[in-house]
Amino acid sequence: MSEFAKRPIEPMQISLDIASGSLTPSGPTLTRRLSDLDGCFLNPKEFQSDVTSGNPIVYDVISSLVPETARELPQSITTIYPGSCGGEFYMTKGHQHLDLQGEIYYGLEGTGGIILFDGKISKWLEITPGKIGYIPPGWAHRSINTGAIKYKFLAVYPGSAGHDYGWVLKNGMGYRAFSENGKLVLKDFVI
Ligand code: M6P
Ligand code: ZN
């Protein structure tokens, strides 16, 4: 303790309810509708049409009370709704860490996965309940719901990692995840 001028957050127990995807106690919830993912999907016409006709929720992220500050390990539960836009499965925005640090995802419900891209190499990790996805430092990551029900996962990441969304806009994401007859088809991401 002596190393800290100010005591970091107290030890705490957090309840995770998988069915509702909630944390207790919890911090803020972020809800992203389709319009918040402008520029993510390949087909701008389909995107605009789906935004105009309902602008559905694509995913939400419930955070724990652990702050995004250095040395802490915040957690969050992400729920991606089932669906697609222009043939592409619903996805998160995707980001690189500003400070290149690793992250762990743990599958809770549904079927999905992570597209990882280090600027040259693309990878896909399928995540189902009980599977851990390890995101090494330097790999941008985007989550995809490839199933017909909600896909939920727990994320644990260094509090100082940050979110660099601009990196993905500039470098792309390696793969795009399409739904063909409900099955996942990965295609190269063309910038
Ligand atoms: C996970 C974590 C969060 C991230 C969220 C949504 O819960 O990686 O840090 O914010 O997924 O992903 P994005 O920020 O790319 O929309
Ligand atoms: Zn991350």
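These are my notebook entries on a predicted model of one chain with a ligand.

**Conventions.** I number residues from 1 along each chain as its sequence is written, and I letter chains from A and number ligands from 1 in the order in which they are written.

**Overall form.** Along the principal axes the C-alpha atoms fill a box of roughly 55 × 35 × 30 Å. Buried residues (20 or more other C-beta atoms within 10 Å of their own, C-beta atoms being placed from the backbone) make up 30% of the 191. Of the contacts (C-beta atoms within 7 Å) between residues at least 6 apart in sequence, 70% join residues at least 24 apart.

**Strands and sheets.** I find two helices and 15 strands in the chain, both being DSSP runs numbered from the N terminus (helices H or I, at least four residues; strands E, at least two). Six strands form an open antiparallel sheet in the order β3-β4-β5-β13-β8-β11, where strands count as paired if DSSP finds at least two bridges between them. Its edge strands, each pairing on one side only, are β3 (29–33) and β11 (132–135). Within that sheet, β8 (residues 103–109) is joined to β11 by four bridges, and Tyr-105 stands opposite Gly-133 of β11.

I then checked an open sheet of three strands, β10-β9-β12, also with antiparallel pairing; here β10 (122–127) and β12 (140–145) are the edges. Strand β9 (residues 112–117) pairs with β10 over six bridges, and Gly-112 stands opposite Ile-127 in β10.

Six bridges join β14 (residues 175–180) to β15 (residues 183–188), with Ser-179 opposite Leu-184.

**Ligand 1.** The residues surrounding ligand 1 include Val-61, Lys-93, His-95, Glu-103 and His-163, counted where the C-beta atom, placed from the backbone, lies within 6 Å. By class I record three nonpolar, six polar and two charged residues in this shell, taking Ala, Val, Leu, Ile, Met, Phe, Trp, Tyr, Cys and Pro as nonpolar, Asp, Glu, Lys and Arg as charged, and the others, Gly among them, as polar.

Note on methods:
This is a predicted model: local features need pLDDT of at least 70, side-chain atom pairs count only at pLDDT 80 or more; totals for chains, interfaces and linings use all residues. A residue is buried if 20 or more other C-beta atoms lie within 10 Å of its own, exposed if 12 or fewer, and partly exposed in between; C-beta atoms are placed from the backbone. Two residues are in contact if their C-beta atoms, placed from the backbone, lie within 7 Å.
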